[in-house]
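This report examines selected local features of one protein model. Please consult the sequence and the coordinates alongside the text.

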Amino acid sequence: MKRVHVAAAVIRDASGKILIARRADTQHQGGLWEFPGGKVEADESVETALARELHEELGIVVGAARPLIKVRHDYPDKQVLLDVWEVSAFSGEPHGAEGQPLAWVSARELTGYEFPAANQPIIAAARLPAEYLITPEGLETPALLRGMQKAIANGIKLVQLRAPNGYDPQYRDLAVDAAGLCAGKAQLMLKGPFEWLGDFPSAGWHITAAQLRKHAAAGRPFGKDRWLAASCHNAEELSLAQQMDVDFVTLSPVQPTQTHPDAQPLGWDEAARLIEGFNKPVYLLGGVGPDDREKAWEAGAQGVAGIRAFWPEA
C-alpha cells in the first residue's frame with residue numbers, strides 16, 4: 001500500500017488562535033476536525049502543495065511557514081504521511097471555499113475537538129513551544145526561583161525542574177514554589193517517582209531513561225489531561241517512549257556538552273534520522289541553544305531544549 005503524502009497546516013492568527021476545519025461526512029474520517037491541507041502531487045514540493053491547497057480550500061496566500069512535525073500513520077484502509085507546517089503569516093480572509101465549517105480555537109481548546117487518530121501528535125506539537133528550559137543544578141533556592149521567574153518573563157513557556165540529586169524532600173518543597181511561579185504562565189514539568197504525581201496535579205512529568213525502561217510496558221501512568229515526557233538517547237528508548245504513549249521527548253546529546261563530556265554525541269544527521277521514525281514532538285538537547293532553533297526544525301524537531309543556553313542568569 002502506497003503511503004499518501006499530505007501537506008497540512010497549523011495556521012495561527014495574530015492572537016495565536018489556530019484554524020481548524022470540519023471534514024465532510026462523505027470523506028475518509030468524515031465528520032471529524034482536521035488541520036487544513038491536502039495531497040502532495042507527484043511533481044510538487046511540500047511548500048508548493050501547501051500553498052496551493054490553502055489557497056484552494058481557504059482562499060488565503062501563505063506569507064511565512066516552517067516545518068512543525070511529520071507523522072506517519074497506518075489506518076486499516078490507508079497509510080498517510082502528514083507533513084505539517086506552521087503558518088504564521090498569510091493574506092486574505094480564511095473561509096470554507098469548499099463549504100467546510102471552520103473554527104478559530106486556542107491551542108488549549110484543541111483537545112476538546114474530535115480529530116482523526118493521526119492528528120494527535122499534531123495537536124501536541126501545536127500546543128508546545130519551540131524552547132524547553134531545564135533548570136541548572138547547584139543553585140541556592142532563591143537564585144533558582146529568581147532565574148525561573150526571569151525566564152518566564154522573557155517568554156519561556158515550558159520548564160523542567162531538574163532533579164540531579166535523586167528524589168529528596170528538598171526537591172518537593174522546591175516543586176511547590178516552582179508550581180506557584182508557573183501557574184497560568186508556563187507549563188511546569190517535574191521529575192521523580194510516580195508516587196508524587198497526585199501532589200502536583202497541574203504539573204507534567206518528565207521521566208528518565210531508567211524510568212522509561214522500567215515502566216514503558218505498563219503504558220501511561222496517568223491520563224491524557226497532563227503532559228508526559230521522557231529523556232531519550234537512541235532508537236530503543238524512542239521505541240519505549242512510543243510504547244508508553246508519551247506526549248514528547250528530549251533527544252540528546254546532539255553535540256558535546258559540559259554536563260556529559262563522556263557521552264557520544266549523536267550529531268545533527270543521526271538526530272534527524274531518529275526523529276524521522278518517531279511520530280511525536282522531539283526537543284533536541286545537548287550543546288544546542290536558541291540560535292539552533294531553525295536547524296532543529298529542519299531536522300524535524302519541535303525545537304531545542306537546554307540548560308545554560310536558556311538560563312537568564314548565565
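Y132, W227, F248 and Y283 form one aromatic cluster. Here, rings of Phe, Tyr and Trp (its six-membered ring) pair if their centres lie within 6.5 Å, and planes under 30 degrees apart count as stacked, over 60 as edge-to-face and the rest as tilted. The model is a predicted one: local features need pLDDT of at least 70, side-chain atom pairs count only at pLDDT 80 or more, and totals for chains, interfaces and linings use all residues. Residues are numbered from 1 along each chain as its sequence is written, and side-chain values use heavy atoms, with hydrogens and water left out.

**Aromatic pairs and charges over rings**

The ring rule gives a count of 8 aromatic pairs. One of them joins F35 and F115 in a stacked arrangement, with 5.1 Å centre to centre and 20° between the planes. F35 lies in the loop between β3 (33-34) and β4 (37-39), and F115 in the loop between β7 (102-105) and α2 (120-127), so this pair ties together parts that are 80 residues apart in sequence. Helices (H or I, at least four residues) and strands (E, at least two) are DSSP runs, numbered from the N terminus. F35 and F115 are both buried; buried means under 20% relative accessible area, exposed over 50% and partly exposed in between (1.4 Å probe, protein chains only).

Y171 and W196 also form a stacked aromatic pair, at 6.1 Å centre to centre and 25° between the planes. This pair links distant parts of the chain, with Y171 in helix α4 and W196 in the loop between β10 and β11 (204-207), 25 residues apart. Both Y171 and W196 are buried.

Which side chains have polar contacts with Q160? The side chain of Q160 is joined to that of Y132 by a polar contact of 3.2 Å, and to that of H206 by one of 3.4 Å. A polar contact is a pair of N or O atoms within 3.5 Å; within protein, one must be able to donate a hydrogen and the other to accept it, and residues adjacent in sequence count only if both atoms are side-chain atoms. Q160 is found in strand β9 and is buried, with a relative accessible area of 3%. Leaving aside neighbours within four places in sequence, Q160 is in contact (heavy atoms within 4.5 Å) with Y132, L133, I134, T135, M189, K191 and H206.

Strands β9 and β10 run parallel and are joined by 3 bridges; two strands pair if DSSP finds at least two bridges between them. Q160 stands opposite M189 in β10. β10 in turn pairs with β11 in the parallel sense over 2 bridges, and M189 stands opposite G204 in β11.

At 1.5 Å a residue, the 13 residues of helix α3 (residues 141-153) should span 18 Å, and the end C-alpha atoms are 18 Å apart, which agrees. The expected span is 1.5 Å times one less than the number of residues in the helix. A143, L144, L145, G147, M148, A151 and I152 are the buried residues of α3. They pack against β8 (131-134), β9 (158-160), α4 (169-182) and β10 (187-190). Just after α3, G155 takes a positive phi of about 110°.

K185 is found in the loop between α4 and β10 and counts as exposed, at 52% relative accessibility. Not counting residues up to four places away in sequence, K185 touches I152 and K157.

What kind of peptide bond joins S252 and P253? The bond is cis, with omega about -10°. P253 is placed in the loop between β13 (248-251) and α7 (267-276). D245 belongs to the loop between α6 (235-244) and β13. Phi of D245 is near 60°, a positive value in a residue other than glycine, and D245 counts as partly exposed at 28% relative accessibility.
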